[in-house]
Amino acid sequence: MTVAVRVIPCLDVANGRVVKGVSFESLRDAGDPVEAAIRYEAEGADELAFLDIAAAHEKRGTLVDLASRVAEVLSIPFTVGGGVRSVEDADALLRAGADRVTVNTAAVEDPSLITRLAEQFGAQCVVVAIDGKRVRDTGGLAVMRVMTHGGRRPTDRTVTGWAAAAAAAGAGEILLTSVDADGTQAGFDLEMLRAVRAAVDIPIVASGGAGQLDDFAKAVVIGGADAVLAASVFHDRIFTIGAVKEAMRRVGLAIRPAPARVRTLLPRYDASGLVPVVMRDVVTGNVLTLAWTNAEALAKTRETGLAHFYSRSRKVLWKKGETSGNVQRVVGISLDCDDDTVLYDVRPSGPACHTGADSCFSRVETLGAPGEDAGPADALDLTALFAVVRARKESPVPGSYTNKLLEAGVSRIAQKVGEEAVETALASVTGDAGALAGEAADLLYHLAVLLTARGVAPGDVAVKLAERRGALRREKP
Amino acid sequence: MTTPPRPPVTLVDYGVGNTASVIRAFRRLGAEVDFTADLDRVASARRLVLPGVAAFQPAMNRLLETGLESAVRAAVKRGGRLLGLCLGFQLLFEESEEHGVCRGLGLVPGRVRPFPARVRTPHVGWNQLLARRPDGFVEGLPDLSWVYFVHSFRPEGVEAADVAAACNHGGEFAAIVQRENVWGCQFHPEKSSENGRLLLSNFLKEDAA
C-alpha cells in the first residue's frame with residue numbers, strides 16, 4: 001500500500017474561461033472551468049491544475065474569482081498558477097479556496113519568494129513550476145535550461161540546478177514541463193524527469209508530451225514522477241482519466257479508482273446550449289425518440305423524474321406528455337463516451353410519438369434488393385409468443401396444448417420447463433445447431449407458459465434483464 | 001428531499017490558512033457554520049472544528065495568546081465533540097518536533113514527528129485508510145478507503161485504542177484518532193470527495209442514545 005500516483009488534468013484559463021490554442025494569439029474559448037472541474041472530479045481526477053496563461057495581460061481578480069467558483073463545487077484539491085508574483089497573490093488564491101499555488105517566472109527572478117511562501121503557508125502549498133528546454137551551449141553541448149515567460153525566454157539556470165535550489169528554498173513539489181516534449185505527443189521527457197528525480201527528493205509532477213496511454217506509466221516507472229499532468233489529451237477526450245489510471249494499474253502502479261457513484265453527469269452542450277437526448281424504453285429496449293435538452297430541462301427532469309426537453313422550434317422548455325398525458329418516467333440517465341449525447345431510460349405511460357405510435361422510429365426502410373432473402377432474423381422478439389399464451393389463458397381454446405398445460409397447473413408446467421431445459425442442454429453438446437434451436441424454442445415456449453401461469457409479466461423479466469445489464473441506474477435520493 | 005436538522009458547526013478562527021473549503025464542505029452537508037474567535041461561543045460549542053494549514057508552533061502560540069486554547073478545552077470538558085483537521089489534528093497531541101519541540105493541547109497521548117529521512121516528504125496525494133474500528137467517525141467507511149493527504153509530520157506513539165484508522169507512508173501512522181469526544185484526522189476530508197463527505201457527516205451525527 002502506498003500513496004497513489006496522481007492524475008491531474010490541467011485547465012488553461014484566460015479571463016475566467018477555459019481556453020485552447022497553440023499560441024496566445026490563436027486562443028479560443030473552450031468552456032466554463034467550473035463545469036469542466038465537476039466533470040473531471042466525477043471521472044476520478046485526483047487533483048486539478050488551473051494555469052492562467054493570460055496572467056500578464058489580465059487583471060488578477062478574475063483568477064481569484066475563478067478559484068472561488070471552483071472551490072464552491074469541488075471536493076478534491078486544486079492548484080492555481082500563472083502570474084503569482086507575491087505572498088499577497090498566493091494568499092488571495094488560497095483564501096479563495098485553492099489548495100496550493102504554482103510559481104514559475106517570479107520564483108526564478110527572486111528565489112526568496114519560495115521561502116516566503118513556504119514560511120507563510122507551509123511547503124506543501126508551494127509548487128514550483130519549471131519549464132525546461134535543451135539549449136546548445138557555446139561548446140555545442142545540449143544543456144537543459146530553465147525557460148521563463150511561458151517557456152519562451154531562456155535563463156542561465158540549469159533545470160537540475162534550479163530544481164535543487166527550489167527544493168532547498170522550501171518548495172513542496174516540482175511541476176516539470178519539458179518545452180521540448182510539450183505538444184509533440186511523443187511521450188513525457190523521461191531524460192529530463194530522471195535528471196530532476198536525481199536532484200530532488202520532493203514530489204515531481206510530469207508534464208508535457210503525453211500522447212499514448214503507456215506514456216503516463218513510463219513517466220512514473222522510468223521518469224520517477226509522483227504525479228502526471230496533461231491538458232489537451234483530457235480536454236479533447238483522447239483519453240479519459242479512467243483509461244489513464246487503468247493503464248497504470250495494469251503495470252502495478254497504485255491508483256485511486258474513480259468514485260463508484262457519479263452523483264450527476266454533466267453533458268457537453270453545443271454552442272446553443274443544447275444536447276440531444278435519446279429516449280429508450282427500459283423494458284423493451286426500444287428506442288422511442290430523439291429530442292433536445294438544455295441544462296434547465298435536464299435539471300427539471302432530475303427534479304421531477306419525468307422527461308423534460310427543450311423545443312428548438314418553439315424555443316421553450318416542455319414536459320413530454322404535457323398535452324397528450326403520455327408522460328415518460330425517467331429511471332436512468334446515461335451519458336455517451338464523449339459527453340455529447342444523453343440517454344434517458346424511461347417507463348412510458350403511453351405512446352412516445354405524436355402520431356400515436358409507441359416509437360417515433362416506426363417507419364422502416366427495406367434494405368437490400370427487392371426479393372433478396374434477408375436471411376434469418378438476428379433478433380428474438382417474444383412479444384407475439386407471450387401475447388398468444390396470454391390470449392389462451394384469458395379465452396381458452398378447446399384442444400389447445402397451451403390450455404392443457406395451464407389446466408394441469410404450475411407444478412406440471414415447471415416440470416416441463418425442467419425437461420425442456422435438460423433437452424436444450426443435451427442438444428447443445430450432442431445435436432446440430434438446428435436441433436439446439438428447436439429445443440431452445442420449446443424451452444422458451446414452456447417458460448412463457450410458466451410465467452403466464454404464475455402471473456409474471458414479460459415486462460417483469462425485461463426489467464430484471466435491464467438491471468442485469470446495468471441499464472437501470474436509479475439515482476439514490 | 002428532507003435533510004435532518006444538523007447541529008451548528010463552530011469553526012475556530014485563529015488565523016491559520018485556508019478554511020474556506022472546510023466551511024463549504026460543512027455547508028454542503030446542510031450544517032450551519034459559525035467561524036468565530038469568540039471565546040464563549042467556542043467554549044459552548046457542541047460540534048467544534050479546529051482547522052489548520054500552517055506551522056505547529058505559531059498555531060499553538062495563537063491559541064494560547066487568544067485564550068482559545070482554554071475555550072477549546074472547556075468545550076471538550078463540557079462534552080462538545082472536537083474535530084482536529086490536518087494541523088488541527090496534530091495540535092491534539094502532547095507535543096510536536098516541527099521547528100523545535102513545542103507543546104500541544106495534549107488531549108490525545110502521542111508526539112508529532114517528521115517522516116523518516118528516506119520517505120518521500122511531503123506526503124502529498126491520495127492514500128488508503130486501514131480501518132481499526134467500525135463506528136463513530138468512521139462508521140460506514142469501507143476499509144482501504146482513499147483520502148487526500150498533504151503533510152510532512154505525523155503522530156507517533158498513539159495508543160492503539162485511540163486509532164480509528166491508520167495509513168501507511170514509510171510505516172503506519174495514526175490517520176484518524178477518536179478518543180471519547182476528541183476526534184481528528186491527518187488528511188483533508190473536505191478534499192477527499194465522497195469518503196470525506198461521509199466522515200464529516202458522521203461528525204455531525206447525534207450520539208447514539
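**Group meeting: a predicted two-chain model**

Is A:Leu113 buried or exposed? A:Leu113 is buried, because 23 other C-beta atoms lie within 10 Å, and the threshold for that class is 20 or more.

Chain A has 477 residues, of which buried residues make up 40%. Its secondary structure comes to 16 helices and 18 strands. Among the contacts in chain A between residues at least 6 apart in sequence, 59% join residues at least 24 apart. Chain B has 209 residues, and 53% of them count as buried. Six helices and 13 strands are assigned to chain B. For contacts in chain B with a separation of 6 or more, residues 24 or more positions apart account for 70%.

In soluble globular proteins, nonpolar side chains tend to be buried together. In this model, the largest nonpolar core holds 163 residues, and those that touch the most other members are A:Val101, A:Val126, A:Val128, A:Ile174, A:Val228 and B:Val72. Strand 1 of chain A, residues 6-14, gives the most to this core, with six residues. What does A:Ile174 touch? Not counting residues up to four places away in sequence, its partners are A:Val128, A:Ile130, A:Ala163, A:Ala166, A:Val196, A:Val200, A:Ile202 and A:Ile204. There is also a second, separate core of 19 residues, which includes A:Val283, A:Ala291, A:Phe309 and A:Tyr344.

I come now to a sheet in chain A. It is an open sheet of four strands in the order 14-13-18-17, with mixed pairing. Its edge strands are strand 14, residues 287-293, and strand 17, residues 328-335, each of which pairs on one side only. On average, and with direction ignored, neighbouring strands of the sheet are turned by 30 degrees against each other. At one end of the order, strand 13, residues 275-281, runs antiparallel to strand 14 of chain A, and six bridges join the two. A:Val278 has A:Leu290 in strand 14 as its bridge partner. These two strands form a hairpin with five residues between them, and A:Gly285 in the turn has a positive phi of about 80 degrees. At the other end, strand 17 of chain A pairs with strand 18, residues 342-348, in the antiparallel sense over seven bridges. There, A:Arg329 stands opposite A:Arg347 in strand 18.

What packs against two of these strands? Helix 11 of chain A, residues 295-304, has A:Ala297, A:Leu298 and A:Thr301 buried. Those three lie on the same side of helix 11, because they cover an arc of only 100 degrees around the axis. The buried residues of this helix pack against strand 14, strand 15 (308-311), strand 16 (316-319) and strand 17 of chain A. On the face turned away from the buried side are the exposed residues A:Glu296 and A:Glu303. Just after the helix, A:Gly305 takes a positive phi of about 75 degrees.

In helix 3 of chain B, residues 56-66, the residues B:Phe56, B:Ala59, B:Met60 and B:Leu63 are buried. Their arc around the axis is only 95 degrees, which puts them on the same side of the helix. The buried residues of helix 3 pack against helix 4 (68-77), helix 5 (87-90), strand 5 (95-96), strand 6 (102-103) and strand 7 (111-114) of chain B. Just after helix 3, B:Gly67 takes a positive phi of about 85 degrees.

I close with the interface, where 31 residues of chain B are in contact with 29 residues of chain A. On the side of chain B, the elements giving two or more residues are helix 1 (20-28), strand 8 (123-131), strand 9 (146-151) and helix 6 (193-204). Which element gives the most? Strand 8 of chain B does, with six residues. By class, this side of chain B has twelve nonpolar, 13 polar and six charged residues.

Methods. Residues numbered from 1 in each chain as written. Chains lettered and ligands numbered in written order. Pairing = 2+ DSSP bridges. Axes fitted to C-alpha atoms, helices over the stretch in contact; angles between N-to-C directions. Contact = placed C-beta atoms within 7 Å. Nonpolar A, V, L, I, M, F, W, Y, C, P; charged D, E, K, R; others polar. Buried ≥ 20, exposed ≤ 12 C-beta atoms within 10 Å, placed from the backbone. Arc of directions from axis to C-beta. Core = buried A, V, L, I, M, F, W, Y, C linked by C-beta atoms within 7 Å.
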